[in-house]
Amino acid sequence: MASTAQFNQSLGKNSGLVLGLLGLALLFFPFFNEEFSHSSLGLITSLSLITLGTLLYSDFLYRGQPAGVKNNGVWFDGLSSRGLLGWFVALALTGFYIALYFYPERLGYNAQGNTALVAFFDPLSKLLNGNAATQWFVYGTLYTLAILLFGVKFIYKYRHNRYQIIRTVSVMFFQLGFAFLIPELLSLFNPETPYFAKDLKNMWPLNYYFFESWHLKNMLNGGNLGRFMLFSGIAMIFIVSPVLTYLYGKRWYCSWVCGCGALAETAGDPFRQLSSKKISVWKFERWSIHAVLVFVFLTTIAVIWSFLSSNPNLSSFSRETFVIGVVAFLLLLMGLIYVYKRKDLDKDALYSFISIGLIIIGTLSIQAFSGEKHILFIKSYTLTKWYGFGIGAAFSGVLGVGFYPLLGSRVWCRFGCPMAAILGLQQRLLSRFRITTNGGQCISCGNCSAYCEMGIDVRAYAQKGQNIVRSSCVGCGICSAVCPRGVLKLENGSVNQRTNLPEFPLGNSL
Amino acid sequence: MSPPPIIIIGNGIAGTTLARQLRKRSQQPILIISKESDYFFSRTALMYVYMGHLSWDQLEPYEQGFWKKNKIDLLRAEITSIQQNEKTIVLSNGERLAYDRLVLATGSTPNRFGWKGQELKGVQGLYTKQDLEQLEAMTPRIKRAVIVGGGLIGIELAEMLHSRGIEVTFLVREKNFWNTVISATEGSMIEQHIVEHGINLKTSTSLVEICGDEEGNAVAVVTDKGEKIPCEFVGLTAGVRPNIDFLKGSDLNINRGILVDDFLQTNLTDVYAIGDCAELRQPKSNRRAIEAVWYVGRMMGETLALTLSGKKTAYQPSHWFNSAKFFDIEYQTYGVVAPEEHENEAHFTWQDPTKLRSVRFSYNPETERFLGINSFGIRLRHERFEKWLNDKANINTVIKQLKEANFDPEFYTHYEQNIQNAWQAQHNLINL
């Protein structure tokens, strides 16, 4: 009896796998057959097969299974344990990202008329935004589809956990609506405006080109919509984000809204246990994420400075006013942190604190040693290009997603994302969020640490009876979900005494 | 020459906690000796390695450099005897090590009740790293398994084997699962859950003998119902007892475990015992002399660390608490909850009629003082119950304020109102 059910289950799973792979294979056909690359029916068939296959696979994977933690065999499966399959997928994904960022013409992108894969997506692109497809449209479509389909799978997997369900519906909603449909449709209805980012939630510094000269100009020349995006973009950075991070921690963004987080939490879920929990890696994380933070700040300040230099008429303030404003703001921030939060400056927060200091020095250097076109003796164009190449492409794309099956699903978020660094500093110092440890109930099993995608050694805190307040925690809630003894709870509460370390965990009358 | 160290025999939670807490308070040399493993690991999580949730290194709560950094020496060795007069221990290779103080934290070993066939190949308990390795090596040959003993390790072993596609029969001698601790109602709920997970559960059924083939492999078990169940593996999980066989014949006072006073000291000077292997001469009321659970090992380690660093401290556990997980149902308990009601203890049980969820409060029927709680499927806040128990809170107060103790993840359905309504209905109360 059991074996019949098992047979049906594996039959269903394998059918799903075959259909999905068939749909994926159809995406390669346009490379070999130019005629097929213009077939709308081909595209519909391919995307439908991928959808059907993934849903079928997920359904049979969890159908008839009692609701609960589903981590059986994670370390026996090559895909999720850096086995052969894992390396193969990593290689394939990395290859795709390299083509996407550096050789889009290999994918068929051509401004004069697409071929191959990019041409394959022309009909959908024309439908949504009125233009021929670009490699970014192809990427965006597949990215969104991956979040939606693996989101369904994730919800199925965690159907007993309402936090996970709601959170996943949220990332699916923001990806489909804010990141994909709304920007495409806004382009469709505003065909005459120049390009600027229309994803409201993709704020600076995650969107590193927000303050670049061409982008600022395009927004300023983009009519009401452009000005709206400019003002709301700034409001997101200075008002919306600090308020929400204070109330709920950085999870409001990183695991509920952000597109990078959305992919990590859905398609990346099978790889979360691959993040390293070593203390040495944590040290590296502090260095790398703050290096990126300083770099993105200085690059941004530099491009605004050079924008103000060359376009004095487009702004109501001068570049000197700008520099003074930035320095004054950052000094105030440092002062406030020093006065009120000195005691909370653990290593993570201390590195952020020092980073702010470096940014101030860097900003003053820009003012002192830069000309109209040269920032610190480097062309400002070169500076932004480096950032776009090094951080935007190599780090967030190739390493960030390509290496999911090798380093876990949050490589970018953990080691590179400047947005995560800023939100993290606030989460550490001024937020109501914490993961509460339930008295003395921890049995040090290690499931929480193992399944933390950010590489936080959650157990190290839980077994001491200490709450977890870490800059890097994105609040995905999986540690709490996989805890077999009900020890961890994500919650918002009083800002004070979030991190008290008891002499002994609860249970002993000492 | 450096002074002799404090030697701790056993690197489980008791011995390790002692070493860590002692190092925080003192610079004395510390040596931990283990027969079982190079490094401390979480014994309670052995199952997750077998099921593929965790890799072995994820079972180790401290990185390997931790021990050196904290100047805690580790030694993999077996000890054969204690020479109390010379303050030395003897290792199985004949080597002698001098100690300043000696702490026995040797844990437990599975019970074996002299069943016929218990020495056959394919028959084992699950307690040590070696047990797990033996089971893992055996697994490719196991199609059917029988588990004997209806307690916590039994149900974990059932889940483990089942996760690897093995057909599992689970023999429980008692009428209900774990009926020495939980009520028949709670037991039935767990039993239903066990069956839903595809386990062939047989309650009120005992093992009579294990049959073997001519090569000495287990091939079947015979139950007291006369049934013969073919299998390649038999898991013996009928509880544990202190792992102290190697101490028999020493000068130590031993009953079931190593007898210790309130300060966890044995009858021998400078020799202490903590954790599963220790038996309290005078346990507190409502507490047992041997409590073989993780938390007690940890707390004894903490207490002894104070004593050995010069602050003599009696072992004073606070209110009892424990936790477990039965397949997908989490269990937590705080305070005193007997399996069934008795003279000094009344019970109020609430059960979610559709879901596998229940709560049972115990209280004094005369004074209405809250005594304890069992919860299945709802997470509860340890701190809140510790406080209610310390405050000797009234049962009505606890039920009225129960929401404060909820520890489920955000957005989960709350049941406090249903629980309050049921309590009010049962006691004809208008208001709490």
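Colleague: Where does A:Pro205 lie?

Modeller: A:Pro205 is in the loop between α8 and α9 of chain A. Helices here are DSSP runs of H or I with at least four residues, strands are E runs of at least two, and both are numbered from the N terminus. Bear in mind that this is a predicted model, where local features need pLDDT of at least 70 and side-chain atom pairs pLDDT 80 or more, while totals for chains, interfaces and linings use all residues. Residues count from 1 along each chain as written, chains are lettered from A and ligands numbered from 1 in written order, and side-chain values use heavy atoms, with hydrogens and water left out.

Colleague: What kind of peptide bond joins A:Trp204 and A:Pro205?

Modeller: A cis one, with omega about 10 degrees.

Colleague: And is A:Trp204 buried or exposed?

Modeller: Buried, at a relative accessible area of 8%. The cut-offs are under 20% for buried and over 50% for exposed, with partly exposed in between, using a 1.4 Å probe and protein chains only.

Colleague: How many aromatic pairs does the structure hold?

Modeller: Over all chains, 54. One of them is A:Trp204 with A:Phe297: the ring centres are 5.1 Å apart and the planes sit at 80 degrees, so that's edge-to-face. To count as a pair, rings of Phe, Tyr or Trp (its six-membered ring) need centres within 6.5 Å; planes under 30 degrees apart are stacked, over 60 edge-to-face, and the rest tilted.

Colleague: Which parts of chain A does that pair tie together?

Modeller: A:Trp204 is in the loop between α8 (162–189) and α9, and A:Phe297 is in helix α13, so the pair links parts that are 93 residues apart in sequence. A:Phe297 is buried too, at 16%.

Colleague: What about B:Phe113 and B:Trp115, how do their rings sit?

Modeller: Edge-to-face, because the planes are at 85 degrees, with the centres 5.5 Å apart. B:Phe113 is exposed at 51% relative accessibility, whereas B:Trp115 is buried at 15%.

Colleague: Which residues form an aromatic cluster in chain A?

Modeller: A:Phe96, A:Tyr97, A:Tyr101, A:Phe102, A:Trp136, A:Tyr139 and A:Tyr143 make up one cluster.

Colleague: Back to α9 of chain A. Which of its residues are buried?

Modeller: In that helix, residues 213–220, the buried ones are A:His215, A:Leu216, A:Asn218 and A:Met219. Looking down the axis, they fall within an arc of 165 degrees, so they line one face of the helix. The arc is taken from the directions from the helix axis to the C-beta atoms. As a reminder, an α-helix has 3.6 residues a turn, so residues three or four places apart point the same way.

Colleague: What do those buried residues pack against?

Modeller: α10 (223–248) and α13 (279–310) of chain A. Contact there means heavy atoms within 4.5 Å.

Colleague: New topic: how many disulfides turn up?

Modeller: Zero, over all chains. The test is two cysteine sulfur atoms within 2.5 Å. For A:Cys417 the nearest cysteine sulfur, on A:Cys413, is 6.4 Å away, and A:Cys473 has its nearest, on A:Cys479, at 6.5 Å. A:Cys417 is buried at 7% relative accessibility and A:Cys473 is buried at 8%.

Colleague: Over to chain B. What's the strand order in its open sheet of three strands?

Modeller: β4-β5-β6, with antiparallel pairing. β4 (79–83) and β6 (96–98) are the edge strands, each pairing on one side only. Two strands pair if DSSP finds at least two bridges between them. Four bridges join β4 to β5 (residues 88–91), and B:Ser81 has B:Val90 as its bridge partner in β5.

Colleague: Where's B:Ser358, and is it buried or exposed?

Modeller: B:Ser358 is in strand β24 (residues 358–363) of chain B and is buried, at 1% relative accessibility. Leaving aside neighbours within four places in sequence, its contacts include B:Glu186, B:Trp350 and B:Phe376.

Colleague: Last one: what's phi for B:Trp178?

Modeller: Near 50 degrees, a positive value in a residue other than glycine. B:Trp178 is in the loop between β11 (167–171) and α6 (184–196) of chain B and is buried at 12%. B:Lys392 also has phi near 50 degrees; that residue lies in the loop between α8 (382–390) and α9 (395–400) of chain B.
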